[in-house]
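Hi,

Here is the structure I promised to pass on.

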Amino acid sequence: MPTRTGGVGPGLIGVLPEELRIQRTYWLVVPRDLAELLRVRVITDAIDALVAEHPHLSVRAR
């Protein structure tokens, strides 16, 4: 099973899986007057799609 910091592989052992949890917050800040530009929407949509494909990237997934 993949982890937030890497994958499981031969010789890899999880360290303190029950005691240690790393959580990160990501912010996307876009000026209101630029938010509807196509080039900005393309990037924000791509980020949304990436998080949807990989729910472990989102706090909402828990």
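This is a predicted model: local features need pLDDT of at least 70, side-chain atom pairs count only at pLDDT 80 or more; totals for chains, interfaces and linings use all residues.

Below is what I found in it, starting with the whole chain and then going residue by residue.

Residues are numbered from 1 along each chain as its sequence is written, and side-chain values use heavy atoms, with hydrogens and water left out.

The chain has one helix and zero strands; both are DSSP runs, numbered from the N terminus, with helices (H or I) needing at least four residues and strands (E) at least two. Of the 62 residues in the chain, 5% are buried. Here buried means under 20% relative accessible area, exposed means over 50%, and partly exposed is in between (1.4 Å probe, protein chains only). The chain exposes about 6,100 Å², with carbon and sulfur atoms supplying 61% of that. Those areas come from the Shrake-Rupley method with a 1.4 Å probe, and for residues only the protein chains shown count as cover.

Now the surface. Leu-28, Leu-38, Val-42, Ile-43 and Ile-47 make a nonpolar patch of about 460 Å². For a patch like this, residues need over 30% relative accessible area and no salt bridge, and nonpolar side chains (Val, Leu, Ile, Met, Phe, Trp, Tyr) are joined within 5 Å. A salt bridge would be a side-chain nitrogen of Lys or Arg within 4 Å of a carboxyl oxygen of Asp or Glu. One of the patch residues, Val-42, lies in helix α1, residues 38-53. Val-42 counts as partly exposed because its relative accessibility is 46%.

Thr-44 also lies in helix α1, but it counts as buried because its relative accessibility is 18%. The Thr-44 side chain reaches the backbone oxygen of Arg-41 at 3.1 Å. Leaving out residues up to four places away in sequence, Thr-44 touches Leu-28 and Val-30, where contact means heavy atoms within 4.5 Å.

Val-29 is in the segment before α1 and is exposed, with a relative accessible area of 71%. Val-29 and Thr-44 are 15 residues apart in sequence and 10.0 Å apart in space, C-alpha to C-alpha.

Finally, Ser-58 sits in the segment after α1 and counts as buried, at 12% relative accessibility. From Ser-58 to Gln-23 is 9.5 Å, C-alpha to C-alpha, and the two are 35 residues apart in sequence.

Cheers

Definitions and conventions. Patches are made of residues with over 30% relative accessible area and no salt bridge: like charges are joined within 9 Å, nonpolar side chains (Val, Leu, Ile, Met, Phe, Trp, Tyr) within 5 Å. A polar contact is a pair of N or O atoms within 3.5 Å; within protein, one must be able to donate a hydrogen and the other to accept it, and residues adjacent in sequence count only if both atoms are side-chain atoms.
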